[in-house]
Amino acid sequence: MPHRGNMPKLEPKSPSMERGCSVLPGQHMPDSDTMEQQPDSCWLRLKKHSASVKKLLMNSPWVWVIPLILFVVLVVVCEVAIYVAAQNSVDIGKAQAANVLESKLSGIDSELLSMQGPIAALSSVIEQDPNMRRINDKFPQVSDHIVEALGLQDKLHTMNLLPFSTISAVWPRLPIDFQDLNFQPLRSPVYKPVSLRIVRSPADDILLSGPLTLIKGNVRGFGLSMPKFLPGYPVNETWGLDQLIPVTYAPEGACVAPNGSTIPCVIGNVSNPYFDPDVCGDICQPRMVNGVQHVYWGTITVTVGEKVVVDVLDTLRAFDYKYCMMRIEDVQNKFNTRAGGFTIGIDSTVIFPENQTTCSEYDQMVCGLQTGRLDVVWELCVMPNGGWQPGWMLPLQVSIVFVCLLVSALLLMVFANSERRRKTLVRLRESTAELEDEKARLNALLVRQHDLIEVFGNGGKGGSAAGLTGTTAEQIEKVRDALQASNVTALANESNIEILELIGSGSFGKVYRARWHGTIVASSAW
């Protein structure tokens with residue numbers, strides 16, 4: 001058995017081994033007291049750790065491949081879920097927008113239809129007595145009553161009677177309004193196309209024009225016009241316009257001659273445009289309605305500012321919508337614009353709000369068509385100011401990516417630590433196996449030593465054929481006895497055992513009679 005004095009001694013650790021960070025190459029190694037006061041540099045340790053991690057990732061790629069695959073899968077799954085949720089939100093938003101569209105289009109239609117009241121009232125007045133001289137006398141009272149009864153003071157822009165398509169009665173009665181007296185739209189190159197379309201429409205049908213530039217005030221608005229044909233009158237009926245009629249309700253100085261002088265306001269002295277082929281011709285010819293001939297009287301026109309429509313559209317701002325409204329005459333040409341902005345007439349594509357010339361986001365908008373009772377098609381398109389995508393989508397996407405990255409990083413750390421432990425255990429097993437092999441070799445060596453000693457002993461006593469001399473055998477036996485005595489003495493000193501006498505001996509040791517704490521015991525030594 002090896003003597004404990006032969007065990008390897010543990011060398012004391014150097015200060016650099018006991019601290020967390022080592023000293024950089026070429027740096028002076030301070031004493032322990034100085035090192036306790038000065039901070040260490042961790043650069044070398046960081047480099048070693050980085051190299052170790054790099055080697056680990058290269059030797060064991062599954063450590064980072066699995067977290068990477070997990071990261072990609074999590075991101076894809078979460079992004080798909082977010083996209084589906086966002087699309088559901090978009091669909092809900094578009095459905096709500098469609099409901100808002102329907103209500104706003106109906107509101108616009110209702111606002112414009114409310115302007116039919118003055119036309120219907122004036123039509124009734126004309127049917128009772130179409131003579132313009134008598135209508136002229138009572139027009140101020142009739143027009144004021146219509147406006148007050150229908151509550152249109154803030155909405156109605158103008159109200160005009162145009163017998164033979166000549167402005168002959170006006171409301172309101174401001175001096176600027178009388179400047180339009182005797183204006184004949186059918187003889188104006190600008191207004192003739194619109195006027196012919198009005199006359200061509202079915203009798204007593206109201207036609208909506210606009211938005212157009214109104215004559216009065218040079219503002220945008222809508223015109224509602226109705227051609228009036230009366231039954232039971234001859235084709236050459238003049239409606240009292242074959243002579244001049246003074247306009248008694250005109251304020252003083254309302255009418256001005258071309259030279260700037262003030263003149264009395266008068267109407268009349270106009271002829272039926274039916275008899276002038278260059279003005280109206282066959283378009284103004286008598287019509288057969290239910291078997292009865294109706295002759296052309298003229299036109300009833302009211303105008304309203306665009307405010308009646310804009311006020312309805314502005315309520316969309318409460319929904320945080322931006323809008324684009326168009327009047328569609330030709331859907332295929334809805335994006336066409338005219339030089340100088342919006343043109344007069346209903347053949348043009350009109351866009352609200354006024355400061356826009358195109359509906360640039362038309363493809364992204366939710367649009368609704370409204371065919372009103374005024375023979376017009378409105379297309380109103382809306383979308384949220386921030387677009388259809390929900391505001392939470394981008395922050396949630398960024399958060400999801402960050403969380404997936406964090407989970408993958410934690411998994412990478414777990415796998416890396418697991419791989420380190422596995423490799424450490426492998427090295428420990430290898431070291432343990434080596435130690436076991438070494439121990440087995442040492443044990444085998446001890447057995448051979450004992451066998452050799454035994455052979456030497458037998459050879460010395462009996463002069464065996466091993467060729468050992470008696471002197472050699474005796475020397476070996478003496479060494480053996482000395483070792484056993486040394487072991488006995490060491491055992492007695494360490495265990496407080498008092499050796500009394502030798503009881504017996506053999507090739508593997510001796511047995512003594514001894515006293516241990518007052519008790520007689522047998523003690524072996526080898």
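These notebook entries follow the cysteines of a predicted model.

Because the model is predicted, I kept to local features with pLDDT of at least 70 and counted side-chain atom pairs only at pLDDT 80 or more, while totals for chains, interfaces and linings use all residues.

I looked up the disulfides, taking a disulfide as a pair of cysteine sulfur atoms within 2.5 Å, and the count came to 3.

I began with Cys 255 and Cys 265, which are joined at an S to S distance of 1.8 Å; the torsion about their S-S bond is about 115°, so this disulfide is right-handed. I called a residue buried under 20% relative accessible area, exposed over 50% and partly exposed in between (1.4 Å probe, protein chains only), and on that scale Cys 255 is buried at 10%, as is Cys 265 at 9%.

I then turned to Cys 280 and Cys 284, where the S to S distance is 1.7 Å, the torsion of about 95° makes the disulfide right-handed, and both residues are buried.

For Cys 367 and Cys 381 I noted an S to S distance of 2.0 Å and a torsion of about 115°, so the disulfide is right-handed; Cys 367 is partly exposed at 30%, whereas Cys 381 is buried at 0%.

Which cysteine sulfur is nearest to that of Cys 78? I found that of Cys 404, 4.4 Å away, which is too far for a bond; Cys 78 is partly exposed at 22%, and Cys 404 is buried at 4%.

Methods
Residues numbered from 1 in each chain as written. Heavy atoms only, no water.
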